[in-house]
Structures are given as C-alpha cells and as structure tokens.
Amino acid sequence: MADGTLKVGTITTSSGSGNINIGSGVTVNVNRPAFAAYLADASQSVSTSTDTKVNMTTEDYDTDNAYDPTTSKFTIPSGAAGKYRFTIGVRTANTHTIRNTVMIYKNGSMIAVGENRVTAGSGTTFTSKNFSVDLDCAVGDYFEPYVNMEYNAGIKGSTSGSKQTYWSAHKIGA
C-alpha cells in the first residue's frame, strides 16, 4: 500500500458506536505541547508600577519539556509551531485600592494583557485577574508571565493546596 493522506468526513465503528482501534505504533498528539505551572510560594513581592515577572516555578505537567520552571519561560519546540491557547490567573494580596495588570510576554514584549481596578473602603479585599488568549506561535518563540501593580500588595501563591496564581498553554491547531 502506498503512503498517502486519508481525508474523511466521519469515522465510525462498524456498529455505529464505540471505540475505534487505530492499531499499534500510532501516536495521537492532541493539544500538545502543553504545560501548566503555578506560583508555589505563599506570596511574591512585586515592585510598584513595574512589570515584574511572576515566579511560576512549579509544574503540574509539561508534555514536551518546553517549560523551564527555573525561568518561568515556555518555548515553542521544534516542529510545534501553530496556534496556542494561553490561560493565566493572578490573585493579589489584601489591598483596598488596586490596579492589577496581568500580562503575557512574547519574546520579551507584552502581547496580551488583562486588568483589574478596585477601590473598596475597608475590609478584606483580594482580587483575581484571569484570562485566556489564543496566539500564533513560531518555533523558538518564548512566553513569560508578568504582573504590574500600581498600588502594591504583592501576589498570592499557593496555600493549603490551593493554586491562586497560575498559567498554562496548549496547542490548539496548526
């Protein structure tokens, strides 16, 4: 049988339902490469009104060893260019007035940003900024998590098994 490309609209089992056996030696790489990491420390200090890299040094998973937890940097590996979905979430420490900007940097420059602005009179006020963004990525592109806080209270990390500051990415297409 000659090598070629099989193009079909629908694949079903002979019975019309159930699992399809692809055979041995076949690898299905859905949504790969992918990683998820988080700020494992209870908190991280942030310089006021300065873009500060978030230290997401603990991995939940890293399918292709493309995430470097020592630098909190995700690099698109060889053969893996395409569209990726990035998700990031940052929780601030207690403050009553805050401007919290959460950013994803690509190759050293901001490419995606989300922002919270809160003014509360008193009490306990913790804010979180979470967003997802789809980005075109080339081999060698690298991505890093950043935050900028106008009224600095720092950011919350992990406490009692709860991940409060985290990020992840996975390939969603070519």
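Predicted model: local features only at pLDDT ≥ 70, side-chain atom pairs only at ≥ 80, totals over all residues.
Visitor: How many salt bridges does a search of the whole structure find?

Guide: The search finds 6 salt bridges. One of them joins Lys83 to Asp136, with the closest N and O atoms 2.5 Å apart. Lys83 belongs to strand 7 (residues 82-92) and Asp136 to strand 10 (residues 128-137), so this pair ties together parts that are 53 residues apart in sequence.

Visitor: Which residue forms a salt bridge with Arg85?

Guide: The partner of Arg85 is Asp134, and their closest N and O atoms are 2.6 Å apart. Arg85 lies in strand 7 and Asp134 in strand 10, so parts 49 residues apart in sequence are tied together by the pair.

Visitor: Are Lys83 and Asp136 buried, exposed or partly exposed?

Guide: The general idea is that a residue counts as buried under 20% relative accessible area and as exposed over 50%, with partly exposed in between. At 36% relative accessibility, Lys83 is therefore partly exposed, and Asp136, at 48%, is likewise partly exposed. The other pair can be read in this way: Arg85 has 33% relative accessibility and counts as partly exposed, while Asp134 has 40% and is also partly exposed.

Visitor: Where does the salt bridge partner of Lys106 lie?

Guide: Lys106 pairs with Asp141, the closest N and O atoms being 3.5 Å apart. Asp141 is in the loop between strand 10 and strand 11 (142-149), whereas Lys106 is in strand 8 (residues 97-106), so the pair ties together parts that are 35 residues apart in sequence. Asp141 is buried, with a relative accessible area of 11%.

Visitor: Which residues does Thr101 touch, not counting residues up to four places away in sequence?

Guide: A contact requires heavy atoms within 4.5 Å. On that reading, Thr101 touches Val113, Gly114, Glu115, Tyr146, Val147 and Asn148, residues up to four places away in sequence not being counted. Thr101 is part of strand 8 and counts as buried, at 11% relative accessibility.

Visitor: Where is Ala66 found?

Guide: Ala66 is in the loop between strand 4 (58-62) and strand 5 (67-68). Its relative accessibility is 9%, and it counts as buried. Leaving aside neighbours within four places in sequence, Ala66 is in contact with Lys73, Phe74, Thr75 and Pro77. From Ala66 to Tyr142 the separation is 76 residues in sequence and 9.4 Å in space, C-alpha to C-alpha. Tyr142 also has Lys73 over the face of its ring, at 4.3 Å from the ring centre.

Visitor: How many aromatic pairs does a search of the whole structure find?

Guide: There are 9 aromatic pairs. In one of them, the ring centres of Phe35 and Phe74 are 4.7 Å apart and the planes are at 35°, so the pair is tilted. Phe35 lies in strand 1 (residues 34-38) and Phe74 in strand 6 (residues 73-75), so the pair ties together parts that are 39 residues apart in sequence. Phe35 is buried at 0% relative accessible area, and Phe74 is buried at 0% as well.

Visitor: Why is the pair of Phe74 and Phe86 edge-to-face?

Guide: Planes over 60 degrees apart count as edge-to-face. The planes of Phe74 and Phe86 are at 70°, with ring centres 6.2 Å apart, so the pair is edge-to-face. Phe74 in strand 6 and Phe86 in strand 7 are 12 residues apart, and both are buried.

Visitor: Which residues form one aromatic cluster?

Guide: The cluster consists of Phe35, Tyr67, Phe74, Tyr84, Phe86, Phe143 and Trp167.

Definitions and conventions
Residues numbered from 1 in each chain as written. Heavy atoms only, no water. Salt bridge = Lys/Arg side-chain N within 4 Å of Asp/Glu carboxyl O. Helix = DSSP H or I, 4+ residues; strand = E, 2+ residues; numbered from the N terminus. Buried < 20%, exposed > 50% of the residue type's maximum accessible area, 1.4 Å probe, protein only. Phe/Tyr/Trp six-rings, centres within 6.5 Å; stacked < 30°, edge-to-face > 60°. Lys NZ or Arg CZ within 6 Å of the ring centre and 35° of its normal.
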